[in-house]
Amino acid sequence: MAPDSNKPDLRPAIAGDVESFSDKDSLELLVRAEHPSAPLEESGAFEATPSLIADGTALQLSLSPELWEGGIEIFRPFPGIAVATWTCTPKDPEALRQLARKFVPTHDHISVHLFHTGDVSYRFGQQVFHSGESVGLVYYKPDPGEFEQQWQEGQQVCFTTINIMEEGERELWHRLGIMPPSLFQKLRTANSTEERVYELPNSLLFTQLACALVNLPSSGVAHTTMLRLKIGELFCLLGEETTLINDLSASGGLPFTEIKKLSQARAILEETTGTMPSIAELSAMVGLNRRKLTEGFKKVFGETVAVHALEVRLRKGYQLLKETQLPVQEIAEYCGYGHPRNFSIAFQRRFGCSPSQVRRQK
C-alpha cells in the first residue's frame, strides 16, 4: 500500500536501536576506548573480572571485599556517555581515600555525580561538598592533589556517575536535538579546581531526576530507552541552569565563580531551619569575603542578605501555618524566632494579617 502523502511521517529521523552484547569483552573494550579513565580492575578496588548483565546492555563490577561491599553497573546509553550506578558499603575508608587520590580524572570528560542515599564528602581545593546535603555535582579535571573523597565506614551509599565525552555531547545533539549545556565549556576553560566544579541546585526537578535514575525499568530495551531520555533531560536542565547563571552574571557584572558562590549562599538561606547564619558565618561557608557577599548578593538578587533571609523565614512560617497543625510557638522557633510575639509582628508586617488569621483560613 502506498503511503498517504497527506499524513505526516512520524518516524524518527535517526534510528535509536538499543545495543545488546553477547560477550562482555566487546562492551568492555568499547567503554574503555571511549572512556580511558573508566574504572579499571587493576586499581585493586574491584574484583578481577566484570560480567555482563543478562540482557547484554551493561557491565557489572563487584567491588573488592577487602575495601567495601557492593557493586557497580555501567551502562552506555550513547556512544561517548557512560553511566555507572554505585551501591556499596565501605569497609576501609582510609584506603579508599588514598585510592581516590590516585585516580583523579585526567581525561577530557565532564563528570556528573547524582546522589541518592548515604554520605560521601568531596573536596575540590578548598571547597567541600557532602552527598547527604547535595543533589549532585558537575566537574571537570580536578588538579592532582586537589581532589579527595571521604567515605564513612559501614554506611551504605548509592550514587550515579555520568561521564560525558565530547563525542557523547555530539551524539546526544544529533539524536535528540539537545545542544550541550554551555556550563560544560565554562568548566572546561576555568583556571582552578575550585572553578571547575558546580553544585547542582536542590530543586525539585534535579531531585526527581536523581530519584528516577535508580528506579528505571529492569528490562534492557525499556531501561536503555528511558536512560537515554533521562540523559536528555539532564542536558535540558543543565542548559536552563546555565541560562540562569548567564543572566545573573550579566545583571550583576560579576565573574562566574562569584555567581556560583552567591547562588550557594542563597540556597543555604533557603534550606536553613531555625536561626539563620550570620553574614560572617555565611561568608565563611561559601568562601566569599563579607563585602563581596553583601554587595554581590544585592547586585545579583536585588535585595540584601538580611531581607532575603527574613523573607525566607516568613514564607516558611506561612506555609507551616497553612499546611500543619503545629502551634504558633513551634512555628516561630522553626523560623528562628525566640519569641512568638516577634514572629507575629514580623508576620503581620509582611502579609498584612496575623498568624492566627491565616490559621483560621485553613
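Student: Which ring does the charged end of Arg 228 sit over?

Tutor: A charge counts as over a ring if NZ of Lys or CZ of Arg is within 6 Å of the ring centre and within 35 degrees of the ring normal. Here the charged end of Arg 228 sits over the ring of Phe 78, 5.4 Å from its centre, and Arg 313 lies over the face of Tyr 337, at 4.4 Å from the ring centre. This is a predicted model, in which local features need pLDDT of at least 70 and side-chain atom pairs count only at pLDDT 80 or more, while totals for chains, interfaces and linings use all residues. Residues are numbered from 1 along each chain as its sequence is written, and side-chain values use heavy atoms, with hydrogens and water left out.

Student: How many aromatic pairs does the structure hold?

Tutor: Rings of Phe, Tyr and Trp (its six-membered ring) pair if their centres lie within 6.5 Å, with planes under 30 degrees apart called stacked, over 60 edge-to-face and the rest tilted. The structure holds 16 such pairs, and Trp 68 with Trp 151 forms an edge-to-face one, 5.3 Å centre to centre with 80° between the planes.

Student: Why does the pair of Trp 68 and Trp 151 tie together parts that are apart in sequence?

Tutor: Helices (H or I, at least four residues) and strands (E, at least two) are DSSP runs, numbered from the N terminus. Trp 68 lies in strand 3 (residues 68–78) and Trp 151 in the loop between strand 9 (147–150) and strand 10 (157–165), so the pair joins parts 83 residues apart in sequence.
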